[in-house]
Amino acid sequence: MNPLGPETALLVLIDVFWLLAVITVAFAAVSVIGVLALALAEWKQAVREQSARRQRILAASHAVLAAQL
């Protein structure tokens, strides 16, 4: 028998479950932030590649126009 009483054991059990819930939510938040950071990095890379492609097309257009003059 617990010398502190069954209520104390129940409160400790509830506290442990709350602690596990908080840790789980914290890990989930870190995971979501990580996924968002990866998505942002991929998006930025795609924007850079698209910008470089546009610059090449613009340079080619200028070269064609210069050749026609």
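What share of the 69 residues in the chain is buried? Buried residues, meaning those under 20% relative accessible area with a 1.4 Å probe and protein chains only, make up 1% of the chain.

Colleagues, this is a predicted model, in which local features need pLDDT of at least 70. Residues are numbered from 1 along each chain as its sequence is written.

The chain has one helix and zero strands, where helices are DSSP runs of H or I with at least four residues and strands are E runs of at least two. Helix α1 covers residues 6–68, and L10 lies in it.

Let me turn to the overall form. The C-alpha trace spans about 100 × 10 × 5 Å along its principal axes. The radius of gyration, taken over C-alpha atoms, is 30 Å, whereas a compact globule of 69 residues would have a value near 11 Å; that globule rule is 2.2 Å times the number of residues to the power 0.38.

Finally, the charges: the chain has 5 positive and 4 negative side chains, counting Lys and Arg as positive and Asp and Glu as negative.

Key. Predicted model: local features only at pLDDT ≥ 70, side-chain atom pairs only at ≥ 80, totals over all residues. Heavy atoms only, no water. Buried < 20%, exposed > 50% of the residue type's maximum accessible area, 1.4 Å probe, protein only. Charge placed at Lys NZ, Arg CZ, Asp CG, Glu CD.
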